[in-house]
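Hi,

Here is the model I said I'd pass on.

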Amino acid sequence: MSRADVAEQVRPVSPLWTFGLLRNELTTTFRRWRTLALLAVLAGVPILVGIAVKIETGDGSSPGGGGGGGPAFISQITNNGLFLVFTALAATLPFFLPMAVGVVAGDAIAGEANAGTLRYLLVAPAGRSRLLLTKYVTVVLFCLAATLVVAVSALTVGALLFPLGDLTTISGTRISFAEGLGRALLIALAVAASLIGVAALGLFVSTLTNSGIAAMATTVGLLITVQILDQIPQLHALQPYFFSHYWLSFADLMREPVYWDELAKNLGLQALYAAVFGSAAWARFTAKDITA
Amino acid sequence: MGEPSATEPEQGGAGAAAGEPVIATRGLTKRYRGGQLAVDGLDLTVPAGSVFGFLGPNGSGKTTTIRMLMGLIEPTSGTARVLGQPMPKATRAVLPHVGALIEGPALYGFLSGRDNLIRYDSADPAADPRTRRARVAAALDRVGLTAAAGKKAKAYSLGMKQRLGLAAALLRPRRLLVLDEPTNGLDPQGMREIRTLVRELASDGTTVFLSSHLLDEIEQVCTHAAVMARGRLITQGPVAELAAGARGRLVVTTPDPAEAARVLKEQGVADLAVTDDRVTGEPPDRDLAEVNAALVTAGVRVRGFTVERASLEDAFVALTGEGFDVAG
């Protein structure tokens, strides 16, 4: 009888209201000083690269000493500012972008536990699965926002410092500037999708501890470890399973026609990481005693 | 639309009207992974409409119990029912009716007081977003934080944080309020305000579950109380009965304390203590009028002759055999 009582008093919940938490989570995350600082650092990378290239090529020579070193596409920036977008994404993807994602993902649950706010969210009651899903969606949206910040900053700097116009693909064909912009957007999306695995890994680590700092450090540490292991030839049998292994496949979007093989492998691998570590995070978080 | 049902908890809650307890645990036990037994076979019953004081030294298992009731910790064995439903299984149905302040407030320092409440309210899937701003404003007003609502929470004093935590518990009309040490960090004026608030809420029909280490606080506001020590429930019941369980002390005020003590001892008064002109002791089973007559007959000049009622603190010491110290 009492069961019916209480059930009766809980008003019918509008399914849309569940997004109230997500909206609040997004505004809370993006109002954090730390989030803004991470985005500012990311926005600063293209500015530095742009200025460096501009100074180095001021005497008419090409950057990277004739196209030898440096991140992908760097030698083409002086001809077309749009290439700064590709260069900046190539420069930030190995470390700056995943580090920023690792910080936000690692802090997602552990930071709330550390501050004690987790217990109040759960007795609100946010619901453990709902809260975890909200956190993951927020981290994935942060991946997208972080990538777009790099891309937009690079495009702005590129437009200010260098000429814009038609561009040449890796395959040697010419495409229009408009299509180049479209490719740039696709590349940004591919880069953002590349971070989904790190996001899931970070969220899982975040459910293991009550210290936000420990979770962030562990996630970033794993990121560096995997990147180092990916360079060791003896481990080549394992390397296709490292989340960072296909990251640079986004360059294939600059081929004509686009070479999809590694891009698809990358997306599949990221989905696998999201499934495995998402499930692990869920299993851990829904069974955890909240003592913080 | 569901607002009316939530504002009339007693009328709507037939379970409460039928005298069903708001909290009922049976053999509730929690053993932490280290093997430490935090709560041991707890049978707790909190009647509807009561202001229930939950007493015990630090480390006696109060907080673990509260966390199990709120679905934050899974019991090792035993059951807990809150508002008639099993916890932690029914958290989604039960917790929207429960406001809680657990182990002090926890706030987002970089958000204003108002935004902190908005965040907690949006975490509640049963809270209507259309009335959110109005309810947040009302909760802030209720705890006297309207003027500081726009300030960042990290600039709040401990007392203000405590008030904001209370406001979060009052965002919606509740059937049960769980307040863990609600007056911590408040000045005497703030403590009085909280006590008034608790009485107000109780008179509206909200059951209040109040943990505190301040015995006089419990005595002032609570109708019922339970005492925990070392993970076990020592006693529970109406406060008046608990205090009555401990015997009062006979106090004789006289300018002849030495003679008075001798006579009282003859009359069977045990545990005698003499301080200046006061002689105190455990009253004997015989009629106290005879004891007084014996004093007067012996020529003792009696200025005062009373039995001081036992306080809850006396009851507590009698029950636990210890002071109100940290359990080892």
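Residues are numbered from 1 along each chain as its sequence is written, and chains are lettered from A and ligands numbered from 1 in the order in which they are written.

**Confidence in chain A**

Chain A has an average pLDDT of 87, and 89% of its residues score at least 70; pLDDT is the predictor's confidence in each residue, from 0 to 100. The lowest confidence in chain A is in helix α1 (residues 2-9), with a mean of 43, and the highest is in helix α10 (residues 196-208), at 95. Helices (H or I, at least four residues) and strands (E, at least two) are DSSP runs, numbered from the N terminus. Residues 1-10 of chain A stay under 50, with 25 contacts beyond four places in sequence. A contact here has C-beta atoms, placed from the backbone, within 7 Å. Residues 64-68 of chain A are also below 50, with six contacts beyond near neighbours in sequence. Where pLDDT is low, the predicted coordinates should not be read in detail.

**Helix α3 of chain A**

Buried is 20 or more other C-beta atoms within 10 Å, exposed 12 or fewer, and partly exposed in between, with C-beta atoms placed from the backbone. A:Leu39, also in helix α3 of chain A, is partly exposed because 19 other C-beta atoms lie within 10 Å.

**Strand β10 of chain B**

All six residues of β10(B) (residues 224-229) are buried. B:His224, B:Ala226 and B:Met228 point one way, and B:Ala225, B:Val227 and B:Ala229 the other. β10(B) runs parallel to β4(B) (residues 51-55) over four bridges, with B:Phe52 partnering B:His224. β10(B) pairs with β11(B) (residues 232-238) in the antiparallel sense over six bridges; strands pair if DSSP finds at least two bridges between them.

Cheers

Note on methods:
Predicted model: local features only at pLDDT ≥ 70, side-chain atom pairs only at ≥ 80, totals over all residues. Contact = placed C-beta atoms within 7 Å.
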